[in-house]
Structure formats: C-alpha cells, structure tokens
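I opened the model and kept notes on what I looked up, one topic at a time.

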Amino acid sequence: MSYFRPNIEKMQGYVPGIQPRAPGVIKLNTNETPYPPSERVLKAVRDALDPTLRLYPDPMSTPVREAAATVFGVTPEMILVGNGSDDLLTIAVRSFVGEGELAVVPNPSYGLYTTLLEIQNARITYVEYPDDFSMPAGIAQPRAKLTFLSTPNNPTGTSLDPDDVADAAEAISGVLVVDEAYADFADTNCLELPGRLDNVIVLRTLSKSYSLAGARVGLAIADEELIAGMTKVKDSYNLDRLGMAAGAAALLDGEHMRANVERIRADRDWLSARMAELGFEVIPSQANFVMVRCTAVPAGTIYEELVQRNILVRYWDKPRLSDCLRITIGTRDELNALVAAVEAILRGE
Ligand SMILES: Cc1ncc(COP(=O)(O)O)c(C=O)c1O
C-alpha cells in the first residue's frame with residue numbers, strides 16, 4: 001500500500017541535469033552562464049548579509065519587481081517575482097489547471113511542464129513540433145486551461161515567430177505561458193504581448209543571461225489581474241533576502257548581462273560551425289546552447305564517452321531526442337576541449 005496519491009505514485013518526477021560536486025568537470029549540461037555575475041551583484045549580496053536576516057523578506061520582492069518593471073517597461077503590478085521561473089511555472093499550473101482539466105504541452109520541450117501537470121493530475125495533450133520546430137499545428141485546443149510554449153525552446157534552441165505566438169494566444173481560450181528563459185540570447189521576443197493580450201504570461205529568468213542560477217530569481221510579466229490572482233497562489237515569502245538583493249542588483253546592471261550575452265552568441269556561432277564541420281546536423285539556435293543531431297556515432301555513446309572525459313552535456317533517451325545532444329555554450333576554452341574530445345571519439349580513440 002502506498003501513502004501517495006495515485007498520480008504521484010505513478011509519475012517519474014523531474015530529473016535535473018547532473019550538478020557534480022567534484023572539481024575539474026567541464027559542465028555544459030544545464031545552460032548556466034560560464035561567466036560570473038556582476039561585481040555589483042556580489043556587493044549587493046554581501047551588503048544584505050546583516051542582522052536583518054532574522055526578519056522575513058518582502059513578500060512581493062518589491063526591489064526586484066520595481067527593477068524588472070523598469071527593465072521591461074511595464075508597471076510593477078504586471079510583474080510577479082518567483083523563486084526561479086520554475087516557481088512561477090508551479091504557480092501557473094496551480095492557478096489555472098484543476099484536477100482532470102486539460103493542458104497543452106508541445107513536444108519536445110522543457111520536461112518540467114509535464115512533471116508539474118502530473119502532480120496536479122491534469123489531463124495533458126502533447127502537440128508535436130514540425131521538423132523545423134516552428135509553431136506546432138494544433139497548439140490551440142478549445143478546452144485547454146493552460147498552454148505552454150518555450151521560445152527559444154529548450155532543448156532545441158529554436159525560437160518561434162512572435163506574430164505566430166500572438167496568433168496562437170488569440171486562438172487559445174485559456175492562459176498561454178510563453179517561457180522566455182533564453183530570450184536575452186535571441187533576436188526576437190514576445191514582451192509586448194502581455195500589454196495587449198490578457199491571457200499571456202511571459203516568463204523570464206535571471207538564471208541564464210544574468211549568471212544567477214544559484215540565486216533563484218524568475219519573473220512573470222502579465223496582465224495586472226492575472227498577476228493579482230497568481231499572487232494568491234504563491235508561497236508568502238518565495239524569495240529570500242539574499243536572492244532579492246542579487247536579483248535587483250543584476251537587473252540594474254544590464255550592461256554586464258549584455259556583454260556576456262554577446263560573447264555567448266559569438267561562441268554559439270563558433271561551436272555551431274565546428275560541429276557542422278564534424279558532420280553533425282546543427283539545429284539553428286537562438287539560446288545559450290546548441291542541439292546537434294549525431295549521425296556517425298550514436299548520441300548516447302558520445303554522451304557516455306564525454307562523461308568518461310569529465311565533460312557533461314545533456315542527453316535524453318526519448319523519442320525525437322535520442323539521436324541528439326544539447327550542449328551549453330561554455331567558455332571558448334571549454335568548447336575547444338569539447339570539440340577536441342568529440343573529434344577523438346569520432347576517430348574511435
Ligand atoms: C525553458 C526553461 N524554463 C524555465 C527554466 C527554469 O529556470 P529557473 O532557473 O528560472 O527556474 C529552465 C531551466 O533550465 C528552462 O530551460
């Protein structure tokens with residue numbers, strides 16, 4: 001006999017990428033930025049390390065909310081701050097999808113959408129991306145309470161045309177989450193949608209472009225009424241004082257973020273060209289990672305061989321992904337080491 005609800009008993013649970021504790025690993029598996037956060041962020045966190053830690057933090061993370069409103073050109077009431085954007089995904093699922101109700105998830109995409117819906121015991125309809133990873137047909141389902149789109153998409157790195165996203169939002173009767181975790185690395189984004197469509201939530205994170213995966217700061221941008229409703233669902237103090245200090249300082253130092261993004265975009269082009277030269281099919285990426293399809297040697301074999309060489313990338317033994325690897329853009333030195341290792345593996349060494 002199990003103590004768990006049947007859906008919890010049955011589900012697999014989200015499996016995050018490995019976070020090795022040993023030093024010396026080249027870590028290209030969870031889309032972190034290889035560069036540190038700005039000095040201003042580190043100083044803000046040091047300054048926040050004081051006796052006020054005995055007090056609860058601001059429930060609405062007001063300093064982050066206000067900084068984000070300035071950066072995105074919206075009112076603070078259109079922003080909800082989360083403990084990473086994963087927290088905001090949880091809040092969205094709990095806010096909009098009841099047990100047995102329908103949610104739409106494109107495939108392949110970020111695995112946490114499925115996990116959260118399974119916890120909620122929702123009904124999930126998967127819609128397949130076409131081979132070019134443009135907008136999946138059938139994204140607008142009449143009875144869907146919640147629909148997810150990630151652009152640029154994890155794990156493919158491909159982005160959707162904002163006009164197609166707007167058309168989808170208008171065709172959808174429930175709420176559309178536009179997960180833009182990687183938008184700072186892309187040429188386009190959907191930030192203008194929440195101002196004119198009351199069913200769109202754009203999600204951003206400071207985990208990737210702002211080098212703050214360890215601080216856990218995410219942002220939802222949506223119509224004020226949606227934000228007010230989601231506020232009822234969130235944990236009272238979902239950001240701690242240190243994360244809040246880091247988040248506000250990071251948002252106010254956009255220059256640091258943009259300089260890192262420029263380097264990563266250049267290295268993304270460089271890695272894409274190198275992998276194509278080695279015979280991989282490179283999916284054109286708008287994110288801080290590149291997905292490649294392996295033809296000569298099975299992707300699972302390359303993955304395992306890289307692990308042996310202390311290089312971590314991401315591999316899923318799942319339909320549509322089992323011949324692919326997703327590689328985070330690290331430093332140029334890390335990417336050189338990766339390319340050299342892949343060359344050796346292809347030579348059978
Ligand atoms: C598409 C997508 N959304 C959300 C997240 C979660 O990011 P956060 O660190 O803000 O929780 C990730 C992290 O990998 C992601 O790939």
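**Domains**

I started with the domain centres: taken over C-alpha atoms, those of domain 1 and domain 2 are separated by 25 Å. I noted that the model is a predicted one. Domain 1 consists of 18-36 + 255-346, and domain 2 is 39-252.

I then looked up the contacts across the two domains. I found 23 residues of domain 1 in contact with 18 residues of domain 2. On the side of domain 1 that touches domain 2, the elements giving two or more residues are α10 (254-277) and β10 (289-293). Of these, α10 gives the most, with five residues. I sorted that side of domain 1 by class and got twelve nonpolar, six polar and five charged residues.

**Overall shape**

I counted secondary structure next: the protein has twelve helices and twelve strands. The radius of gyration is 20 Å, close to the 20 Å that the globule rule gives for 349 residues, so the protein is as compact as a globular protein of that length. Along the principal axes, the C-alpha atoms fill a box of roughly 60 × 50 × 50 Å.

I checked burial and found that 47% of the 349 residues count as buried. For contacts with a separation of 6 or more, I noted that 72% come from residues 24 or more positions apart.

**Core**

I looked up the largest nonpolar core, which has 98 residues. The residues with the most contacts inside this core are A92, V178, I201, A220 and L325. Helix α9 (residues 241-251) supplies the largest share of the core, seven residues.

I took A220 as one example and listed its contacts, leaving out residues up to four places away in sequence. A220 touches I79, L80, G82 and L88, and also I201, L203, I227 and M230.

**Helix α9**

I went back to α9 and asked how many of its eleven residues are buried. The count is nine, and I recorded the helix as mostly covered. The buried residues are G243, M244, A245, A246, G247, A248, A249, A250 and L251. I then checked what they pack against, and found α2 (39-48) and α3 (62-72).

**R326**

I picked out R326, which lies in strand β12 (residues 324-328). Is R326 buried or exposed? I counted 26 other C-beta atoms within 10 Å of R326. The cut-off for buried is 20 or more, so R326 is buried.

Leaving out residues up to four places away in sequence, R326 touches P155, F289, M291, V313 and R314. I also took the separation between R326 and D167, which are 159 residues apart along the chain, and their C-alpha atoms are separated by 29 Å.

**Ligand shell**

Last, I looked at the ligand. Which of the 13 residues around the ligand come nearest? I listed G84, S85, D86, T205 and S207. Helix α4 (residues 84-96) gives the largest share of the shell, three residues. By class, I divided the shell into three nonpolar, eight polar and two charged residues.

Methods. Residues numbered from 1 in each chain as written. Predicted model: local features only at pLDDT ≥ 70, side-chain atom pairs only at ≥ 80, totals over all residues. Helix = DSSP H or I, 4+ residues; strand = E, 2+ residues; numbered from the N terminus. Rg over C-alpha atoms; globule rule 2.2 N^0.38 Å. Buried ≥ 20, exposed ≤ 12 C-beta atoms within 10 Å, placed from the backbone. Contact = placed C-beta atoms within 7 Å. Core = buried A, V, L, I, M, F, W, Y, C linked by C-beta atoms within 7 Å. Near = placed C-beta within 6 Å. Nonpolar A, V, L, I, M, F, W, Y, C, P; charged D, E, K, R; others polar. Domains from an automatic or database assignment.
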